Amino acid sequence: MKNFLLAGASALMIAAPVAATADEGMWLPSQTGAIAEDMKAAGLELDAKTLGDLNRPPLTAIASLGGCSAAFLSPQGLVATNHHCVAGSLQYNSSPENDYLTNGFLAKTLGDELPAAPGSRVYVIEDLRDVTTAMLKGADKLEGRARYDRLQANRTALIEACEKQANRRCDVRAYFGGAQYWLQQQLEIKDVRLVYAPAAGVGNFGGEKDNWMWPRHTGDFSFYRAYVAPDGSSADFSKDNVPFKPKAFLPIAKTGVKEGDFIMVAGFPGTTERLRTAEEARFEFAELLPYQQRMLAEYGDLIDALTAGNQAATIAYAATLQGVENYEKKIAGQLAGADAISLIEKKQAEEAAFRAWIAADPKREAQYGAALAELDRLIAEENAEALADARRGMLGRSQMLGAATRLYRWANEQAKPEKDREPGYQPRDKAFFVQSMQRIERRYVSEIEQAIWADALEEYRQLAPEDRNQSFDAYMESRDIASLYAATQLGDTATRMAWMDKPVAEFRASNDPFIQLAVAMYDEGLANEAEAKERSGTVQKARSKVMQARLAYAAAQGKTMYPDANGSLRFTYGKVTGKAVDGQIWTPFTTAEGIVAKHTGRGEFDAPDTMIKLIKAKDYGQYASPELGTLPVDFMSTVDITNGNSGSSTLNARGEFVGLAFDGTIEGVVSDWMYDPAINRTIHVDSRFMLWTMEKVDGATRLLEEMGVAAE
């Protein structure tokens, strides 16, 4: 899926267990043994009890890009993922003279492979281990800010110990509302290069019009390569680096999938909210999402208008626009899906049964009743502030203010002892911080940002004065936007980067207006952050207790549980199948002839001429499906995925590569909040279409040979 978010510090309060039904479930590797019989009955041919072993394929071949999922497809570090997951690297390397976003990119040799966008990483999963005892040490009897600080301190200590191993990226996330904590350890590969991406007329065929829709004809695939130093250690980009040799890579299936086949998907789903309370669901769908949808629609229209006719500006804001349009459409689908399945009413009914179960037993009421009442109170408080927070967030549409704010925070954090620095400002974060500052260079046009921010501030000023950021308003009282942008030097990359090494005193003495504004807003920001931490600790304690009650409730019903998605490695399984929608029958496959039918030669439906000629000639070679009698493009399945699963490899019953998951259907995106087997479907690009495009359209025979695929 194109919209991807990773769980951060808030994961301490969001993970929740869910009872699995049908093909539902984002399973932890450690849970494979518990569901082995179910998977075998569904069609798995591998040993399900060893499927979750991170030292064996296929899971040891699965990787993360830090926002998308991926997998190794060769012994030379070749990484397959979605086209939209490499869009930032295509944009970063593009220019009006070499527009890789539109025309695609293919490196003819290893030496022609291009550095990916700054901050790009390949993370290789190594371990996922239970650290519950260490995380909860000293926290059980604490509340509020003290509880937050203790959990954060324990988390920091675990991560620091893990990252004493060179080039490891570690994180601790909460599962089952804090009943469990697991540490995820990954090898961090820092030299990532762009190898191949088909043209936009393949990788983004249909654009936003077809996004989240079926039938779909999108070749949403691309390739990176992971590089390391000659001694095998992770290293920054160097011409002396060599391709990484993974422990395992996925074999390419010689036979593609057909309707009814068992498949699996492995990746790093970001966030689901399936056991949020009924009141949280009501507020989200009745109030917050409609507001966000309107803001995103206006934002996307504004970017379109401001960049129209300016190719350089269009390239600069391409990634931003794609994300805005994608998320706006997802919200529309969530709202429609919630109505279609009566989400709020179902949540209310389920919660009523759960609460009745607690109330029916005095012992359960004594154990869980107070926490449930406390959580209700806290949710009401949070909902009351959420819309105001969304409007205050409009200030963040200025990249210059964002950069100044983060740079000043960096300077303040560096003045502290290392152990006291906030997450995001520690030595482990410096490379990402630097690269985020560098990326602004390719995504910023001063006059366009001024217009964007002016529009955002109009919305922000709809807030009542007492709900606004007081320090921001005070600074801007005698100033206008144009004067800030005319005087700032932060738009220059070298100047911006130089602030990384300056002490707090130089920020306070600066004449740059955005630096001055960041300094003026700092104390108020810290006060707001302190309130948020106090609330987070209180909410975490209440929610974790309520989630323990939900675990007990599900166990009493004999249901198998899995934790809500939180950015850690998961797998899911299901079958290739279509569905009936509003009296229409959706077949599980789309075919190449559909590309010709949709092709207009303009805009979002502009497939390469070579592809159109090959399809009209029915030149499909070895890649045609015997069952379909033609070339499959995309297929649907019942596997359970969400944001962050973009680029996840799709495997057959033998663990062989048969495609990439890249999207869902619009009415099914409500599955972030509730899974419904009648509407939930995942869309995959078929490996046969990938291989055919590589061989016949783009001549990527070097890569096919590397993956063990013999071209005709």
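The dialogue below works through salt bridges, a sheet, nonpolar cores and aromatic pairs in a predicted model.

Student: What should I know before I start reading this structure?

Tutor: This is a predicted model, in which local features need pLDDT of at least 70 and side-chain atom pairs count only at pLDDT 80 or more, while totals for chains, interfaces and linings use all residues. Residues are numbered from 1 along each chain as its sequence is written, and side-chain values use heavy atoms, with hydrogens and water left out.

Student: How many salt bridges does a search of the whole structure find?

Tutor: Side chains of opposite charge can pair when their charged atoms come close. Here a salt bridge is a side-chain nitrogen of Lys or Arg within 4 Å of a carboxyl oxygen of Asp or Glu, and the search of the whole structure finds 53 of these. One of them joins the side chains of K239 and D240, at 3.5 Å from N to O.

Student: Is K239 buried or exposed?

Tutor: A residue is called buried under 20% relative accessible area, exposed over 50%, and partly exposed in between, using a 1.4 Å probe and protein chains only. K239 has a relative accessible area of 73%, so K239 is exposed, whereas D240, at 47%, is partly exposed.

Student: Which parts of the chain does the salt bridge between E382 and R535 link?

Tutor: The side chains of E382 and R535 meet at 3.7 Å, N to O. This pair links distant parts of the chain, since E382 lies in helix α14 (residues 362-392) and R535 in helix α22 (residues 513-556), 153 residues apart. Helices (H or I, at least four residues) and strands (E, at least two) are DSSP runs, numbered from the N terminus. E382 is partly exposed at 24% relative accessibility, and R535 is partly exposed at 32%.

Student: In what order do the seven strands of the open sheet stand?

Tutor: Two strands pair if DSSP finds at least two bridges between them. The seven strands stand in the order β15-β13-β20-β21-β22-β19-β18, with antiparallel pairing. The edge strands, β15 (570-575) and β18 (589-591), each pair on one side only. Two bridges join β18 to the antiparallel strand β19 (residues 632-637), and T591 stands opposite P632 in β19.

Student: Which strands does helix α25 lie across?

Tutor: Helix α25 (residues 687-697) lies across β18, β19, β21 (657-664) and β22 (682-686), and runs at about 35° to β22. For such angles, axes are lines fitted to C-alpha atoms, for helices over the stretch in contact, and the angles run from 0 to 180 degrees between N-to-C directions. Contact means heavy atoms within 4.5 Å.

Student: Which residues touch the most other members of the largest nonpolar core?

Tutor: In soluble globular proteins, nonpolar side chains tend to be buried together. A nonpolar core is a set of buried Ala, Val, Leu, Ile, Met, Phe, Trp, Tyr and Cys residues joined through side-chain atoms within 4.5 Å. The largest core has 77 residues, of which F223, W692, M694 and M707 touch the most other members. Its largest share, six residues, comes from α25. A second, separate core of 41 residues includes L395, A456, F472 and F507.

Student: Why is the pair of F285 and W673 edge-to-face?

Tutor: Rings of Phe, Tyr and Trp (its six-membered ring) pair if their centres lie within 6.5 Å; planes under 30 degrees apart count as stacked, over 60 as edge-to-face and the rest as tilted. The whole structure holds 26 aromatic pairs. The ring centres of F285 and W673 are 5.6 Å apart and their planes stand at 80°, so this pair is edge-to-face. Because F285 lies in helix α10 (residues 278-307) and W673 in the loop between β21 and β22, the pair ties together parts 388 residues apart in sequence. F285 is buried at 7% relative accessible area, and W673 is buried at 6%.
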